[in-house]
Amino acid sequence: MDLNADLGEGFGRWASVDDQALLDVVTSANVACGFHAGDPETMRRTCELAAARGVAVGAHVGYRDLNGFGRRFVDVSPDALTAEVLYQLGGLDACARAAGTRVGYVKPHGALYNALVTHEAQADAVVDAVRAYDPALPVLGLPGAVWLKRAGAAGLPVRYEAFADRAYTAVGTLVDRRQPGAVLVDVGAIEARCVVLATEGRVRAVDGRVLRMPVDSICVHGDSPGAVAVARAVRSALTDAGVALGPFSGGLDRLSV
């Protein structure tokens, strides 16, 4: 099982999380590409830290929305979105190559992630960008998302993820962050949920029903309260349950320059 986290989300002198501590826990790093967060210096530094630890680097692409941290829907045209995703991929991959690694997968961020669950035009735009950049590049997202269906049909390698600390609706989508209980805070409950996800491929929705959810990766959010402690607890719980951890993208062996 892979453990991923959103990293490199500082900007200038502002830093949001303890990237170094999280990079000692996760196996894949979703690195902000400068549109919702991050800047060239942060991108390069995060890639260097990830490469030094054998952590796979993923492009965390988002809407061009620094003020809103990429958590607001942007009605961008498909052509513009394709170009913007290409721009983000190229910038991060340059930083990754300079650090001795490469971008190993693509994961959308925030509002773009949620929009691509159902928004067909934007889904096609992101798929077009990844195909144009590298048709062998895996894409990571929510099971059932329309963009992953389009990506699979286009021949892109598709990987699925679940969230350690996010609540799920009865249809398998994420509960809106603005709703009470959307983000889990009980560390014991988070640990237990992740073990079940990794060993049984299922998760309980907010209405109590059990959803089948086989996944390749579990996301531990870097900006949640006590993020590092939660990530460490999840990793320990998984290893104690006999779950082997490693990057789904193949790590640095696949990513040799």
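Predicted model: local features only at pLDDT ≥ 70, side-chain atom pairs only at ≥ 80, totals over all residues.
A residue counts as buried when its relative accessible area is under 20%, as exposed when it is over 50%, and as partly exposed in between, using a 1.4 Å probe and protein chains only. Residues are numbered from 1 along each chain as its sequence is written, and side-chain values use heavy atoms, with hydrogens and water left out.

So what is Asp6 up to? Side chains of opposite charge can pair when their charged atoms come close. Here the term is salt bridge: a side-chain nitrogen of Lys or Arg within 4 Å of a carboxyl oxygen of Asp or Glu. Asp6 makes one with Lys107, and their closest N and O atoms are 3.7 Å apart. Asp6 sits in strand 1 (residues 2-7) and Lys107 in strand 4 (residues 103-108), so this pair ties together parts that are 101 residues apart in sequence. (Helices, H or I with at least four residues, and strands, E with at least two, are DSSP runs numbered from the N terminus.) Lys107 is buried too, with a relative accessible area of 2%. Glu161 joins in as well: Asp6, Lys107 and Glu161 are linked in a network of salt bridges.

Other pairs have a different setting. Arg44 forms a salt bridge with Glu48, with 3.4 Å between the closest N and O atoms. Both residues lie in helix 2 (residues 40-53), four residues apart, about one turn of the helix. Arg44 is partly exposed at 44% relative accessible area, and Glu48 is partly exposed at 37%. Then there are Arg202 and Glu200, whose side chains meet in a salt bridge at 2.4 Å, N to O. Arg202 is partly exposed, at 31%, and so is Glu200, at 47%.

Now find strand 2 (residues 28-32), where five of the five residues are buried. In a regular strand the side chains alternate between the two faces of the sheet. Both faces of strand 2 are covered: Ser28, Asn30 and Ala32 are buried on one side, and Ala29 and Val31 on the other. Who are the neighbours? Two strands pair if DSSP finds at least two bridges between them. Four bridges join strand 1 to strand 2, and the two run parallel; Leu7 has Val31 as its bridge partner in strand 2. Strand 2 also runs parallel to strand 3 (residues 56-61), joined by five bridges, and Val31 stands opposite Ala59 there. The chain gets from strand 2 to strand 3 through helix 2, in a β-α-β crossover that is right-handed (with the strands pointing away from the viewer, the path from the first strand over the helix to the second runs clockwise).

Which element gives the largest share of the lining of the largest pocket? Helix 4 does, with five residues.
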